[in-house]
Amino acid sequence: MIGRKPVSLRITNHTIVIIALIFFMFPVLWMLLTSLKNQIDAFTTVPKWTFAVTFDNYQTVLIERDFLKYLLNSLYVSALSTVLAVMLGSGIAYPFARYKLKGANHVLTWILTLRIVPPIVSILPIYLLFSNVGLLDSYTSLILMYTFMNLPLATWLLYGFFKDIPGEIEESALVDGCNRFTAFFRVVFPIIGPGLVSAGLLSFIFAWNEFLFANILSGPTVRTAPVGLNEYATPVSVLWGQIAAAGTMIVLPIAIITIILQRKMVSGLTMGAVKG
Amino acid sequence: MKNFRLQRSGPYLVMAPGIILLLLFSIYPFLFLLKISFQEYSPISLDKPFVGFDNYVRLFSEHHFWNALKITAIFVSSSVILEFALGLGLAVVLNQLGWGQRLYQSAMLLPIAMAPTVVGLMFRFMMNEQYGVLNYFVESLGFSRTAWLSDPVLALPALIFTDVWQWTPFMMIILLAGLKGIPDEPYEAAMIDGASAWQTFIYVTIPQLSRIITIALLLRTIDAFRIYDTIYMMTKGGPINTTSTLSWMVYDNGFKFLEFGYGAAVCVVLLIIIVSLLTFVLKKVDVFEMGGKK
């Protein structure tokens, strides 16, 4: 940009950022440390910074308290609903981006307004609906709910990506003997890869972290990790070491994916805002 | 001919499953909700009589509802304003940073990606009166230990603090993307005109960002109305309803007192509030640029 910044300004900037970094990282670090402490080290008035590292909390949570099963439930439900949301979202976004369809604007706006409705509003009817058809405590109910929850965002993100692909690329594929479907899968699909990853990543994170629907709709069979985590926080005894261990295991996979796919995450988060 | 038909209906066939799912889970719950908001509806009783506007009358005459409305307003406005102010400040600072930008940004993504349930429980742990690490810091600054979450005055600010911790990075990342999108020319012009850094910020940066600022504020406001997970983990609406927002009131009435009809009435009012708020904002600004985009 315009010249170099004075040294004092650069030092101030770095100081601010480092303070912010400590503020935003501390709770995460504290959770990690607590998860590695034994019961006595975790419950002290003066925090212990050095302690004997123990993996007991992880062992207890994973093996004795079924947390492994909850994590696998979460993985199954999130992965399947993500694939569905991206597929159905492409199904809506692609025709709207490629063809001149009547009322496209209205339908897209309507889909966007669905994001505005707080989930709590649909919890009462959805609970009764699934209980009437006998789908409480089933993978199906959660997968359907999460697909629905992520579909508006996925549609809008993918719509933006599809819009950016020039129609000529597809037309030349059609000339070369592809039909609409093969043209989509052979030509368009590889180009919008990054868009699919962005939409998929956000859908997966939202589904993985979701608690409201999971808490109401899931019973002992399909309990997801965030609901399982809540079980360790009973009013009588709060086992913070185990909670921290379970919490770390919920956050860790997401943290790793986020760091690896940082650019996709940022573009997913901002595209909704920048492109409208 | 058959092929031609398929070509015409193809787009609609591809769209159908997604659209059907969206319709099923949005229209049905809404109509059902509207209906039972006029009923005395409990999932465990067979008799579900229509009671006219009774639920609404009861709602508007109940202190609990006005209290929840007030708490929702305080929660949404203070957290969104704080997140915006801090997020904008951090975005400006980060944008001026020569190196390390990407590293900082990736660290800041972590709070956004964390499950609100985990965040809620960890903050509850840190805010614990006896062994919470927050009280350790407070004490070393010379203040006395506080029971943050069981104090009627402090519980709501503690909840706002938690929300600000989790969502300031979101504001920052969106605004940073906006800052990066501003071309150099207006800055060069401002420099030639001899504008100070502050003047440049107010008269160049802010107007250039206005659309993104509006959208970021809008997105966060919509999400702030949803708060549920953190309340569930930290306060469960207490102490003495001081953190009971409208969404929490729906949950409480529905699944604690099994008064679905009454809960539905709260939902309808909540929807009306959000929709009118958005209509008001969208009338002022053409956020989606519907006119120019298509």
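Reader: How far apart are the end C-alpha atoms of residues 69–283 of chain B?
Author: In this predicted model, the end C-alpha atoms of that span lie 24 Å apart. Residues 69–283 of chain B are 76% helix and 0% strand.

Reader: Which feature does UniProt place there?
Author: The UniProt record, an unreviewed entry, gives "domain: ABC transmembrane type-1" for residues 69–283 of chain B.

Reader: And which residues of chain B does UniProt list as "transmembrane region"?
Author: The unreviewed entry lists residues 12–34, 71–94, 106–127, 154–179, 200–219 and 260–282 of chain B.

Reader: What is the helix content of residues 106–127 and of residues 200–219?
Author: Residues 106–127 of chain B are 86% helix and 0% strand, with end C-alpha atoms 27 Å apart. Residues 200–219 of chain B are 100% helix and 0% strand, and their end C-alpha atoms also lie 27 Å apart.

Reader: Turning to the interface, how many residues of chain B are in contact with chain A?
Author: There are 93 residues of chain B in contact with 96 residues of chain A. About 8,900 Å² is buried between the two chains, and carbon and sulfur atoms give 80% of that area.

Reader: Which three residues supply more than any other three of the area that chain B buries against chain A?
Author: These are B:Leu22, B:Phe25 and B:Phe125, which supply 8% of that area.

Reader: Now a helix pair within chain A. At what angle do helix 1 and helix 13 pack?
Author: Helix 1 (residues 7–35) and helix 13 (residues 240–260) of chain A pack at about 125 degrees, with their axes 8 Å apart. The two helices are therefore oblique to each other, and helix 1 passes helix 13 in a left-handed crossing.

Reader: Which residues make the contact?
Author: Helix 1 of chain A contributes A:Met31, A:Leu32, A:Thr34 and A:Ser35. From helix 13 of chain A come A:Trp240, A:Gly241, A:Ala244, A:Ala245, A:Gly247, A:Thr248 and A:Val251. The residues of this contact divide into 6 nonpolar, 5 polar and no charged.

Reader: Where are they found?
Author: A:Asp137 is in the loop between helix 6 (119–132) and helix 7 (139–163) of chain A. B:Asn241 is in the loop between helix 10 (229–234) and helix 11 (246–256) of chain B.

Methods. Residues are numbered from 1 along each chain as its sequence is written. Chains are lettered from A and ligands numbered from 1 in the order in which they are written. This is a predicted model: local features need pLDDT of at least 70, side-chain atom pairs count only at pLDDT 80 or more; totals for chains, interfaces and linings use all residues. Side-chain values use heavy atoms; hydrogens and water are left out. Axes are lines fitted to C-alpha atoms, for helices over the stretch in contact, and angles run from 0 to 180 degrees between N-to-C directions. Helices (H or I, at least four residues) and strands (E, at least two) are DSSP runs, numbered from the N terminus. Angles under 35 degrees count as roughly parallel, over 145 as roughly antiparallel, 65 to 115 as roughly perpendicular and the rest as oblique. A crossing is left-handed if the near helix is turned anticlockwise from the far one by less than a right angle, and right-handed if clockwise. Contact means heavy atoms within 4.5 Å. Ala, Val, Leu, Ile, Met, Phe, Trp, Tyr, Cys and Pro count as nonpolar, Asp, Glu, Lys and Arg as charged, and the others, Gly among them, as polar. UniProt positions are given in the numbering used here, feature names are shortened, and annotations may be inferred rather than shown by experiment. Buried area is the accessible area (1.4 Å probe) that two parts lose on being put together, summed over both.
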